[in-house]
Amino acid sequence: MASKLTILCSASLFALATVAAPAAAQTMAQDAPQEQDALGAGDQAPPREQADEIVVTGVRAAIIGGLENKREATQIIESVVAEDIGKLPDNNVIEALQRVTGVQVTNRARGEASAILIRGLPDVVTTMNGRNIFTASGRSFALADIPANLVSRIDVYKTRAASQIETGIAGQIDVFTRRPLDFDGFVVSGAGRAIYNEQADSWNPNVSGLVSNRWDTGAGDIGVLVSGSYSKTDYREMSVIAGAMVPFVTENPPAGTGFTPLQRVFPETGAWEPGLDRGLPTEAGSTFILNGVETPYYLGRDALFAPDVHGTRERAAVSAALQWAPNASSQYTFEFFWNRYDEELQNSLLFTFVDWWGSVGPNPQVELFEGTNIIKSRTVDDVFGFNSGDFTKSRTDSFVYALNGKWEVGDLGGITADLSYQTSEFNTSFIANRIERVWDSVTYDTNPGNGIPSFNFNDNSLLTDPSAWTLAQFYDNANRSEGEAFTLHVDGVREFENSVFRSVKVGIRYDDRKAADSVRTQDAGVLGQPFSTLGDEYIFQGTDFFDGRANVPSTWITPRGRTIYENADEFRQLYRAVQPNLLLSDQMSLTRVFDINEVSMAAYIQADTEFSVFGRPLYVQAGVRYVDVDTDLTFTDRVSGTVTSTSQVTSDFLPSATVRYDITDRLRLRFNYGETLRRPSFPDLNPYFQLTGDLTGIGRGSGTGGNADLQPTTSKNYDLALEWYFAPASVIYTTLFRREIEGLVVPITSVIEYATPPLNDTANTTRFAITRPANASNGTLEGIEVGFTYFPTYLPGILDGLGVQGSLTVLDSNQNIPQYDNAGNVIAQDESPFFGVSDFSYNVTLAYDNGGLGLRLSYVWRDEFLSSNENRLFANPIGFWRTPEESLDFQLTYAVTDSIGITFDAVNLTEDVQQQYYRFGDVGNPEMFNTGTTILPRTFAIGARFTFD
């Protein structure tokens with residue numbers, strides 16, 4: 001390992017020595033905002049032509065600032081700029097990016113967006129001030145954890161240069177915080193908002209502040225900046241979910257099957273195979289062979305359930321920077337960033353089977369969807385159900401320490417060095433207790449017409465009667481994820497005059513990354529005593545479930561998860577009656593299931609050239625990046641205690657080239673070719689299994705495991721862009737792009753039989769369908785983006801300052817999906833779109849800025865998309881698809897004085913819901929294959945901002 005580092009450093013230091021030819025120190029432009037790009041972007045822009053200047057402030061200034069960054073970059077980027085300190089007008093970084101061309105935001109759970117995709121791909125490398133950052137043992141950082149109030153600019157790179165980090169097939173998101181030498185002197189700024197969450201009926205604080213100053217001393221310029229942010233959100237998330245499809249014989253099963261009317265047929269009969277991509281046939285009259293007899297069947301849901309989640313989320317962050325410029329040719333920056341994420345949630349879950357194998361009853365009332373064998377509605381007797389009180393407590397702490405130095409060497413040379421250390425730890429604990437009963441009957445309708453299932457019991461009043469319930473299973477789990485990294489990054493640039501070569505840039509990056517996960521799991525079976533024997537403090541009852549939007553019970557009782565969590569040992573002692581080896585707090589420890597040390601070393605060389613073609617400038621940036629990765633892995637099997645160690649070594653040469661041709665002063669053409677990669681996530685490398693018992697009575701449990709032989713996924717990327725800056729602060733642009741991706745990771749499912757139930761499995765099964773990842777797919781993603789920004793300069797009077805910004809993205813993706821038998825052997829190949837890719841998405845923003853008043857009305861829409869695949873245990877299509885999603889948001893700012901402003905924000909004005917359904921290929925739709933519906937909250941915020949300097 002050391003020898004490789006020595007070779008890389010020696011080669012790079014020789015190149016840097018060439019760059020750093022002795023000469024007199026020259027003046028450094030310390031205050032230029034683009035100087036923040038020096039570490040991570042490696043994106044030197046050609047000299048800017050003189051454009052029409054327009055002086056603006058407020059919302060319009062933010063939009064135009066992002067547009068100027070896009071125009072002057074060499075790469076194809078999008079940029080979001082805060083109009084002033086603390087004025088990025090969104091709750092977090094992900095929400096701030098949802099209006100960016102080619103960016104889709106999803107998973108708007110628990111009151112905020114939490115996932116981001118670039119052109120439909122989720123593999124985004126996240127950097128802060130150019131440094132790669134991460135959360136715990138993950139590869140990327142939870143961008144939702146970065147408060148928008150601390151951000152000055154966000155750049156979204158859709159193409160990459162050799163000087164940039166090689167990972168992230170989707171692209172790179174670089175978040176910039178402020179630095180003290182960005183300001184002329186003393187600055188103090190603050191912002192506060194009170195945010196109303198309509199679903200939770202709660203008011204929540206969001207505050208931030210910044211203090212910065214700089215001094216001209218005998219030792220040079222010195223600047224200090226400290227900023228901080230705190231937010232708290234009480235939220236409520238309510239969902240109604242129809243479970244998976246399973247087969248039943250009809251009301252009149254043929255003689256010889258041995259089955260009674262409407263009895264459920266399990267896969268162990270051999271009549272059907274679970275996990276088929278398209279599920280079992282759904283045409284009316286479809287049959288399978290049951291006990292040697294051709295038998296018609298129905299497809300019905302196995303269960304319906306309703307989670308009612310009440311939670312509290314807190315985020316705190318501190319960013320600090322100390323800068324020293326001892327002379328005009330050198331600058332040193334020390335930065336510190338701390339982020340904490342705390343969350344507590346109580347899930348009050350109502351669950352009922354709707355396929356119980358008790359009596360059918362005299363009037364089963366089966367209704368089918370017309371022309372199919374799919375049950376729409378039914379009454380089921382002697383049905384089993386349970387309610388569960390789940391409590392989860394989580395905390396993440398992340399720290400980044402960094403020291404950066406910049407030196408100008410001679411008239412045309414410079415060196416940047418950056419040394420950073422970061423650590424991140426995520427801890428979570430989960431405790432849950434179920435209560436159960438058998439109902440006389442339940443009547444349900446899979447889809448009454450709005451995609452939301454309905455169900456009610458013969459006597460809903462029993463839902464709130466503690467004496468009607470029996471104490472059932474007890475679950476007690478904990479996880480810890482840890483990560484740390486030591487990173488050194490050195491870049492040098494040499495510029496040239498009167499030469500085709502404008503500059504040559506070289507650099508090295510050394511990264512020593514460690515990651516580990518530890519887990520603890522224990523559970524106990526049915527206790528059997530009445531729920532009413534516990535005190536009232538252990539009983540939780542919600543109200544007004546689903547706001548009357550569905551015909552489902554509006555209230556029920558569950559164990560109060562928080563109280564059980566606070567009295568965990570008391571509950572553990574109680575459940576020792578059925579699980580004698582249940583451990584108490586002072587006996588517990590977590591098992592480290594994987595421990596990984598990954599050392600990556602990279603070196604690059606990149607040249608910028610300029611030619612004249614037909615009298616117009618042609619800029620070419622080309623380079624190659626070499627990366628070598630050594631990974632040592634240690635895994636522990638929690639079932640057997642076996643410890644396994646292994647290692648991997650990979651290396652790649654990754655070329656890239658960007659061509660920019662200025663057809664006219666306002667018309668610009670860009671082309672990029674580059675190669676990037678995605679390394680396997682650390683948990684995906686763990687070959688041992690995490691098992692879950694047969695929770696829904698299908699005859700087998702499920703499990704997940706990793707694959708230590710996973711290799712990086714690689715991508716060849718092509719982009720062609722045309723931009724027309726047809727007026728001051730206005731542009732129309734379009735980009736054609738293609739990604740050719742090899743080694744995509746897809747899940748493989750096989751059935752494993754154990755001699756005895758593992759892990760004291762309370763479901764008492766020895767058969768498990770285990771899903772593991774493999775590099776078993778290749779695919780392509782291609783599409784077109786079109787975007788525009790237009791601020792007319794001719795509007796009179798009050799209309800002056802009105803503008804519009806928008807974009808649309810059209811995507812097409814395809815990958816092969818292997819089909820496997822129970823032994824895990826490939827038996828066929830199918831095709832599927834990529835996960836997370838909407839074929840069509842668009843956004844439009846109407847902006848207005850005049851006389852201190854700033855308004856922004858934004859609408860974002862994305863088409864349906866494949867979100868994931870289910871675990872191949874049932875008879876429906878395996879794909880989970882999301883229906884189209886939208887958000888209409890409004891922001892208002894008003895400058896009371898030059899230093900003080902007030903704000904108002906509204907999010908999700910259309911009261912959009914998140915819905916999901918089953919589909920694979922041409923089988924499946926939201927009407928007959930609907931699964932879950934989640935209400936997304938509307939939020940309203942009022943606030944104030946001030947800045948004094």
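This is a predicted model: local features need pLDDT of at least 70, side-chain atom pairs count only at pLDDT 80 or more; totals for chains, interfaces and linings use all residues.
In which sense do strand β4 and strand β7 pair, and over how many bridges? They pair in the parallel sense, over five bridges. Strand β4 covers residues 124-128, and strand β7 covers residues 171-177.

Strands of a sheet pair through backbone hydrogen bonds, either parallel or antiparallel.

The next sheet has three strands. It too is open, and its order is β11-β13-β12. Here the pairing is antiparallel. The edge strands are β11 (245-249) and β12 (287-290), and each pairs on one side only. On average, neighbouring strands of this sheet are turned by 55° against each other, direction ignored.

Strand β13 covers residues 293-301, and four bridges join it to β12. The two strands run antiparallel. They form a hairpin with two residues between them. In the turn, Asn 291 has a positive phi of about 55°. Leu 290 stands opposite Val 293 in β13, and Ile 289 stands opposite Glu 294.

The chain brings Pro 296 and Val 249 together across 47 residues, with their C-alpha atoms separated by 6.4 Å. Beyond residues up to four places away in sequence, Pro 296 touches Phe 248, Val 249, Thr 250, Pro 254, Ser 286 and Thr 287.

The loop between β11 and β12 holds Asp 277. Is Asp 277 buried or exposed? Its relative accessibility is 4%, so Asp 277 counts as buried. Its contacts, leaving aside neighbours within four places in sequence, include Gln 819, Asp 830 and Arg 872. Pro 877, Ile 878 and Phe 920 are also in contact with Asp 277.

Strand β38 (residues 879-882) comes next. Both of its faces are covered. Gly 879 and Trp 881 lie on one side, Phe 880 and Arg 882 on the other, and all are buried. Strand β37 (residues 865-869) pairs with β38 in the antiparallel sense over four bridges. Strand β41 (residues 913-918) also pairs with β38 in the antiparallel sense, over three bridges. Trp 881 takes part in both pairings. Leu 866 stands opposite Trp 881, and in β41 the bridge partner of Trp 881 is Tyr 917.

Turn now to a helix. Helix α5 spans residues 568-575, and its buried residues include Ala 568, Phe 571, Arg 572 and Tyr 575. Where do the buried residues sit around the axis of α5? They fall within an arc of 100°, so they line one face of the helix. Among the elements that cover these buried residues are β18 (413-445), β20 (470-495), β21 (501-524) and α4 (561-566).

Phe 840 is partly exposed, with a relative accessible area of 30%. Tyr 842, at 30% relative accessibility, counts as partly exposed. Elsewhere, ring pairs link Phe 305, Phe 351, Phe 353, Phe 384 and Phe 386 into a cluster. Arg 139 lies over the face of Phe 682, at 4.1 Å from the ring centre. Arg 437 lies over the face of Trp 439, at 4.4 Å from the ring centre.

Notes: Residues are numbered from 1 along each chain as its sequence is written. Side-chain values use heavy atoms; hydrogens and water are left out. Two strands pair if DSSP finds at least two bridges between them. Buried means under 20% relative accessible area, exposed over 50%, partly exposed in between (1.4 Å probe, protein chains only). Rings of Phe, Tyr and Trp (its six-membered ring) pair if their centres lie within 6.5 Å; planes under 30 degrees apart count as stacked, over 60 as edge-to-face and the rest as tilted. A charge sits over a ring if NZ of Lys or CZ of Arg is within 6 Å of the ring centre and within 35 degrees of the ring normal. Axes are lines fitted to C-alpha atoms, for helices over the stretch in contact, and angles run from 0 to 180 degrees between N-to-C directions. The arc is that of the directions from the helix axis to the C-beta atoms. Contact means heavy atoms within 4.5 Å.
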